Amino acid sequence: MFRTALRNVLAHKARLLMTTLAVLLGVAFVAGTLVFTATLSEAFQRSSEEGLTHVDLAIEPDEDSEAAESTPGGARNLGQDLLDDVAALPGVESAIGEVTGFAALADRDGDLVGDGFATNGANYAAGSDGTAEDERYPMAEGRAPERAGEIALDSTTAERTGYGVGDTARVSVDGPVREETVTGVFTTDDGNVAAGGTLVLFDTATAQDLFTAPGEYTRITVTAGDGVSQEELREAAAPLLPDDAEALTGERLAQDQADAIEAGTSGMRTALLAFAGIALFVGVFIIANTFTMLVAQRTRELALLRAVGASRRQVTRSVLIEALAVGLVAGATGLAAGVGIAVGLRSLMNALDLTVPDGPLIVSGSAVGVSLGVGVVVTVLAAYLPARRAAKIPPVAAMNSVHAPATARGLLVRNSIGALFAAGGAALTVAGIGSGDKGATMGAGAGLLVIGVFILTPLLSRPVIAATRPLLSVFGVSGKLARLNAVRNPRRTAATASALMIGLTLITGMTVIADSMSKAIERMASESLRSDYLVSMANFSPLSTEVEQTLAEQPDVTVITGLRSSPALVADDPDARTLTGADPAAFEQLTDLDFEDGSFEGFGGTGVLVDEATADDFGWAPGDTFTTTFEDGATRELTVAGVFSGNQLFTGVVLDSATLDPHMERVQSFEVLLKTEGGASEAAKSALEGVLGDNPAVLVQDKEDVSEDIAFVFTLLLNMLYALLAMAVIVAVLGVVNTLAMSVFERKQEIGMLRAIGLDRRATKRMVRLESIVIALFGGVLGVGLGVFFGWAVGELISDYLTTYEMVLPWARIGIFLGLAGLVGVLAALWPARRAARLNMLEAIKAE
Amino acid sequence: MSTFAAPPPAHATAAAAARATDLTKVYGEGETRVVALDGVSVEFVQGQYTAIMGPSGSGKSTLMHCMAGLDTISSGSTRIGDTELTGLGDKKLTQLRRDRVGFVFQTFNLLPTLNALENIRLPMDIAGRKPDKEWMDRVIATVGLADRLKHRPSQLSGGQQQRVAVARALAGKPDIVFGDEPTGNLDSRAGAEILGFLRNSVRELGQTVVMVTHDPVAASYADRVVFLADGRIVDDMPEPTAELVLEHMKRYDAKGRTS
């Protein structure tokens, strides 16, 4: 039996090609994901280890300590005393106080270098006398920064921007532009730089001024003297530590970083594998379809095997061995393709300036095992039902002269089950909207509904495809034959269309949700804000108050307020909450809040506004008072002036910044809202930007910019999802090609007859192409329909949290999706249609 | 040989529905070269029912395929009416088959997705032509299918299916109808019925029918039998009877075995 099975695989090479390709793509996706994430993880691991070679012990503020938890401001920075004490410990060779924070660098064109998130600033630790060399940053050119106004750049950044020693570069930390002289270019094994970030070094005093406070450090790193172990060092340092700081050995630090990197990449891996899973799931339909067709075509052959004494099990097994062979081949080639994808992705990321640290390609044994296993298991499982069906062929079928025709047998049972699933699923999905269980019911309902629709597609295919009649009749007899052929084998059409449906359901659903979300957030921003401009840092780090002072001095700025943000303990709640500070008079003019109770009246001083959720938590009404512990530990009685209905821009407690500022460690705003004389205009905007020194790190946005930003984020997200789902669609296209090729093969005689009685090549091609388009559009319509339904249902859930949410149907996009489905049909038909048109008429019409 | 394959008399030329002159068909090259038709000249007169007979491999099917525009020829010439087939492209040939030739095959004559009437009208639907209603009715009446028009092929017997095929071949009022073993898959009663209809279409509807067969009884329905052996025409029998044909066949079979 084994030999028979293998011989069958070889005999049907061409017919198994599409199936193999479908499995191959899914496996390649899995293998690519595993290899790429492992390689990435390893590369980051290495670079972070290199960055830790100078560190035997690190002392850091401990945010998880009890002391940090009980103060609203969290753990404090580390003091100069601590650094001096640690440096004086026996066994310590050197101790460096580090100060790090965000520092944006503008290139020569005034644009931000890097994406704003990986642009760091730090101190060059020159020791207490200011002359020592910082071994972390050896200077390749020039000298280290020694005073305010001087900086050093990492060599990669210097090369990228063209800045050299003596040049003036523009840097911004929290808003105001600083013109700095580049005094040196250094090399570093800093992991962030290796990953494509920029690093700007200041002298320690300047760095402290910018990022912490004089004499404060964000971290202290210690190197041990000869013969002193990291653990000994940690024990020696322990008594010196304040209770909101902790000391970690270099090994522990490396381990923590490794864990963090692993956590980061495993999230990415899971997400990618989910999409690989979808592609494989789509592949299942194609495999099942192929084997069903192969078994049907071989009915006589299999019956003959049974007639000469093969048992049912042997027949089943022979089909499964065929599947196994296909799975192995697809798994192995998929693995190879996956490794190729991983290599390609890394070069692509490098080409896109998303620099990945160098490192070897990691193809682990488990990646190989999983890829091959997935290929084999998916193929064999998908072929199981057709294999069972093969075993049921009675030996007497060998004597019949015709192929066993596809029967409508079992469709009644199938339809009843399908209807039950679909109705139950739809009902559960709708019930899930109000259930408040965060989508669990809805998820189950969606699953059931999709399964129900899968089961029902053969039934649905008839009316849906019949509906295309008026359209297809334009194409004359080709259109008519295409329509009839498409419903000839409803199960096959259904499985083919279902494969396409899966991808389109997800694509449509996500588009509906993303578009609606984008519109909702945009609406929220425009409805609750009355300001003309919103000023913030590009990376959303805090802005210096200098920015709002500068802006307030402008004659055409009429109303302005900075929005502060500060953690605090409110009433008797042990969890820290965020206070928003603003200028009361300006806040009233710049925002548009809906009050549930009370009003702006009384807002200011100790009178505060709270959102509905917070008011509900504590049972507050206007006039109630509560105690607040600020981040510096001071407490104050505050009075509720108004309760506003929740919105995403303002939450929690809003109070007078005059009340809040004295208690903030660094008085900074996360945003500045303002109005100008004459409203928003390009001129006003560039005037404001000019006042701020055309600083690339600061964003001045009007409402339209905000909307565009929001839309951009969602577009980016959607495009990524489209790219990931593209694989599932490609696999589905292979499925359509496969089905058509098989259909053309099965209808060889029929096509030969048609050609003989006068159907020309063009019309023959058109017939196959139209059948393909009809099947693809059928899948497309089902997918778009289900996608819109799920988009609506999930939207109903979202609207509980996002009050401005309203479903937006992206008609243009839906049109594009259906157009794409049609295009899929055209492309998939290219080869089968050619085959049909080129068919040797004489061979085809000869009796078998 | 020339006695049997003599060029037809000049007066018949005007009434020829199809004519082959010195038709040669060669398959393969070198070692595998096979001459399927070796300089065949034959003419099928309008309004006549001709059977082509011969043992397997004699080239009778090839002759039909070449003359019907289903296959290309190696040399010589073949015409349908006044149209020379040699040198026509696939598109022109397809059009010619569609508009001027009718076909009845041994198997797979009908599209299972279309009902009987739709199958009959198929060549005209392909051409985008309106069928001649009166003619259609006559054809359908001749083959006796009036009450079966809405049936699908799977709901018809083999004989009924072949009658639909005959009706389809005649529906477009073609210049000539070619049949390739049209009764090969039928029992003798159904076969006799089909042969009767083909003869009626010649007698009553004035059609021209050429049919390839190896069945002497089938050949006896024809007005004339052309015998082929080894790619050449070896005999031409007017007014055949089953006995005469059988007698002839035995002779060639015996020859074939001894040579």
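**A walk through chains A and B**

Start where the chains meet: 19 residues of chain A are in contact with 22 residues of chain B, contact being C-beta atoms, placed from the backbone, within 7 Å. This is a predicted model, in which local features need pLDDT of at least 70, side-chain atom pairs count only at pLDDT 80 or more, and totals for chains, interfaces and linings use all residues. Residues are numbered from 1 along each chain as its sequence is written, with chains lettered from A and ligands numbered from 1 in the order in which they are written.

Next, select helix 16 (476–486), helix 24 (748–756), helix 25 (761–798) and helix 27 (841–845) of chain A; these elements each give two or more residues to the side touching chain B. Helices here are DSSP runs (H or I, at least four residues), and strands are too (E, at least two), numbered from the N terminus. That side of chain A has 11 nonpolar, four polar and four charged residues.

Now click on Val731(A). Leaving out residues up to four places away in sequence, Val731(A) touches Ala22(A), Leu25(A), Gly26(A), Ala279(A), Val282(A), Gly283(A), Ile286(A) and Ala499(A).

Hop over to chain B and find the open sheet: four strands in the order 2-1-4-5, with antiparallel pairing. Strands pair if DSSP finds at least two bridges between them. Its edges are strand 2 (34–45) and strand 5 (83–84) of chain B, each pairing on one side only. Which residue of strand 5 of chain B is the bridge partner of Ile80(B)? Zoom in and you'll find Thr83(B). Two bridges join strand 4 (residues 75–80) of chain B to strand 5 of chain B.

Note on methods:
Contact = placed C-beta atoms within 7 Å. Nonpolar A, V, L, I, M, F, W, Y, C, P; charged D, E, K, R; others polar.
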